[in-house]
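Please work through each task before reading its solution.

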Amino acid sequence: MVTIKKDIAQTSKPNVALNWSTKVFKQTIVLILLMAVWEIAPRVGLVDRTFFPPFSEVATAWWNMIISGDLWKHFSASIVRSALGFFIAIVIAVPLGLLIGWYPIARELLNPVLELFRNTAALALLPVFILLLGIGEVSKVSIIIFACVWPILLNTINAVKEVDPLYIKSAKSMNLSDAQLFRKVILPASVPTIFTGIRMAGTGAILVLIAAEMIGAKAGLGYLITFTQYNFQIPEMYAGILTISILGIVINQLLLTAERRLSKWKQPVK
């Protein structure tokens, strides 16, 4: 019986690797087709080349900006702001969400406030942040914190609420203290849902920051896009947009990797 299980495990690994390589191949083909359409459409006149240049021109502009260091200056400014606000939001929202989720009376009392702010768009409050905190770094980081806190907080609260009651009953039957129950049962079971909120916040941090940088900044990807638009540097503008898209994909993949490592216990044994 043990030999059969080992054989199944050994044969499943090549199948998983094959499926993964097939998936990557298909996704690569789709991206190549997209870039081909992007390259051909302006050249044959399907779209105005002035406002939508071929992909090769955008790629050339992107590379020139890397060589000159301009792209790195704006990229580093944006990533520092977004990372700082994002991590502060995690430090605030995760512990607070765990406490609110653990104590039902806290959920009942704070639910109206949570519902109010979860339905308030962060960008709608951007003028308020600028009026109160100015157009410097503090207002930009603060609006990122505000935008990121709510998806993390609400997902953390739901994660604690939705822990399987059987887990809790089993832990209590083993005479675990409340602290041990929280650390050994509630936290591990909540990780996947918490990370869903963290991934949502990671994407939101970039989007909100770009909008804030378009209004008042001297550096950053949002400022780069606005500056190149006003100066009619269209390939450079698309290069900035492309950089934001790549950054969002990288952040999402990093958070997915962290989620898998922290929730290995929930993955089926192969």
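Helices (H or I, at least four residues) and strands (E, at least two) are DSSP runs, numbered from the N terminus. The model is predicted: local features need pLDDT of at least 70, side-chain atom pairs count only at pLDDT 80 or more, and totals for chains, interfaces and linings use all residues. Residues are numbered from 1 along each chain as its sequence is written, and side-chain values use heavy atoms, with hydrogens and water left out.

**Exercise 1.** Determine how many helices and strands the protein has, and their order.

*Solution.* Step 1: the count gives 10 helices and 0 strands. Step 2: read from the N terminus, the order is α-α-α-α-α-α-α-α-α-α.

**Exercise 2.** Determine whether arginine 81 is buried or exposed, and state what it touches.

*Solution.* Step 1: arginine 81 belongs to helix α3 (residues 70-102). Step 2: buried means under 20% relative accessible area, exposed over 50%, partly exposed in between (1.4 Å probe, protein chains only). Step 3: arginine 81 counts as buried because its relative accessibility is 7%. Step 4: with contact meaning heavy atoms within 4.5 Å, and residues up to four places away in sequence not counted, arginine 81 touches residues including Glu137, Lys140, Leu209 and Glu213.

**Exercise 3.** Determine what share of the 270 residues of the protein counts as buried, and what share of contacts between residues at least 6 apart in sequence joins residues at least 24 apart.

*Solution.* Step 1: of the 270 residues, 37% count as buried. Step 2: among contacts between residues at least 6 apart in sequence, 72% join residues at least 24 apart.
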